[in-house]
Amino acid sequence: MPGGCARGPAAGDGRLRLARLALLLLGWLSSSSPTFSASVPAPAASARPPLPSPCPAPCECSEAARTVKCVNRNLTEVPADLPRYVRNLFLPGNQLGVLPAGAFARRPPLAELAVLNLSASGLTAVRAGAFDHLPGLSHLDLSHNPLDDLSPSAFAGANTSASTPSPLAELILNHHIPLSQEEKQRPNRSFESILAAALQTGHALRGLSRLELASNHLLYLPRDALTQLPSLRYLDLRNNSLVSLRSVSFRNLTQLESLHLEDNALKVLHNSTLAELQGLPQVRLFLDNNPWVCDCHMADMVTWLKETEVVQGKARLACAFPENMRSRLLVDLSVSDLDCDPILPPSLQTSYVFLGIVLALIGAIFLLVLYLNRKGIKKWMHNIRDACRDHMEGYHYRYEINADPRLTNLSSNSDV
């Protein structure tokens, strides 16, 4: 027992020295490695996931699909509290009226927004810079709107001379709703001129690959409307009222792959247009449902149709006028079939003959009435001549009195 009591204090001193040595080592490690404390896991409270972005009250949001839909809500402006994650924004069926500059400016910006649908949203005006602060916008739909004022800088922003093009790749402008003259802000401007000004501004749309202008009642396209769109691959002009393509140039559209001209009022494609279309190496042309006039002016187009592979479904193209050529296929025509002599249908010829007979009968009756009343007419003409002579003599007498001062004084004295 005495020996065991002697070993107890020695063992306790050893343990104390070991504990002091461990504390010294821990202090040395904490002082020599400042990142040690940073490597220690943070408390659980600091690792909570971020709160989800709010959804505007009148809208439906899906963060998984990155989509916000505010459809048929009668909104008068773009919602201010759009979530940051939005990639697809749908705003049809509202009453936005005027889209001002910076309409989508947010802090932080909506950098992910790529698809913007503003169709049937009551837009009458789009101001310059309306789509600024949308660096990822690639698809824009402005269809079914009564646009009366589309600023030339709507897609270019304030700096129209900037060399950096807009990210826009697809622009949909179908079914423009025409306004009455009383409703228009600028009554003298046509939709054709408004549209051309917006497409021609600077280099804003140099990256545009798809342009849809269907069902806009277009009568013509201005000559330089498409010159600033060198990347265009798809152009839809169907269901308009285009009579001729002489005024528009396709020369710069070297990347064009599809050109839709169905359901217009085209009567013939002239040599200048045919040469430009033939110079587009990749284009496919659609010309169905146009009222082709098969006369001598169609000869060059018929020859071109037989040789080219550009026109899709060319075997379906048929004459609409004149009557004797109706429904004949253009590719089956020969130059000898095309004549410019006016050949009227029998019903119209009969109408003209009947009209001539009626006019001749009226003329004969009029001449007969004049002949039967020749004496009275002669007397009436003599009376008119005498009345005119007396009237002119009175004027002559007054002129002589006014010209001679003595006669003037005499006339005034006699009046006294």
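So, Asn117: leaving aside residues up to four places away in sequence, it touches Leu89, Phe90, Leu91, Pro92 and Asp141. Keep in mind that this is a predicted model. Asn117 sits in strand β5, which covers residues 115–117. Is Asn117 buried or exposed? Its relative accessibility is 14%, and the cut-off for buried is under 20%, so Asn117 counts as buried. Its side chain also has a polar partner: the side chain of Ser119, at 2.7 Å.

Okay, zooming out for a second. The protein has 416 residues, and 34% of them are buried. In terms of secondary structure, we've got eight helices and 16 strands. If you take the contacts with a separation of 6 or more, 66% of them are between residues 24 or more positions apart. The accessible surface is about 25000 Å², and carbon and sulfur atoms account for 59% of that.

Now, over to the surface. There's a nonpolar patch made up of Phe366, Leu367, Leu370, Ile377, Trp380, Met381 and Ile384, and together they have about 710 Å² of accessible area. Which helices supply at least two residues each? That would be α6, residues 346–372, and α7, residues 374–403. The largest share comes from α7, with four residues.

Let's pick one of the patch residues, Phe366. Phe366 is in helix α6. Its relative accessible area is 53%, and exposed means over 50%, so Phe366 goes down as exposed.

That's the tour: Asn117 is buried in this model, and Phe366 is exposed.

Note on methods: Residues are numbered from 1 along each chain as its sequence is written. This is a predicted model: local features need pLDDT of at least 70, side-chain atom pairs count only at pLDDT 80 or more; totals for chains, interfaces and linings use all residues. Side-chain values use heavy atoms; hydrogens and water are left out. Buried means under 20% relative accessible area, exposed over 50%, partly exposed in between (1.4 Å probe, protein chains only). Contact means heavy atoms within 4.5 Å. Accessible areas come from the Shrake-Rupley method with a 1.4 Å probe; for residues, only the protein chains shown count as cover. A polar contact is a pair of N or O atoms within 3.5 Å; within protein, one must be able to donate a hydrogen and the other to accept it, and residues adjacent in sequence count only if both atoms are side-chain atoms. Patches are made of residues with over 30% relative accessible area and no salt bridge: like charges are joined within 9 Å, nonpolar side chains (Val, Leu, Ile, Met, Phe, Trp, Tyr) within 5 Å. A salt bridge is a side-chain nitrogen of Lys or Arg within 4 Å of a carboxyl oxygen of Asp or Glu.
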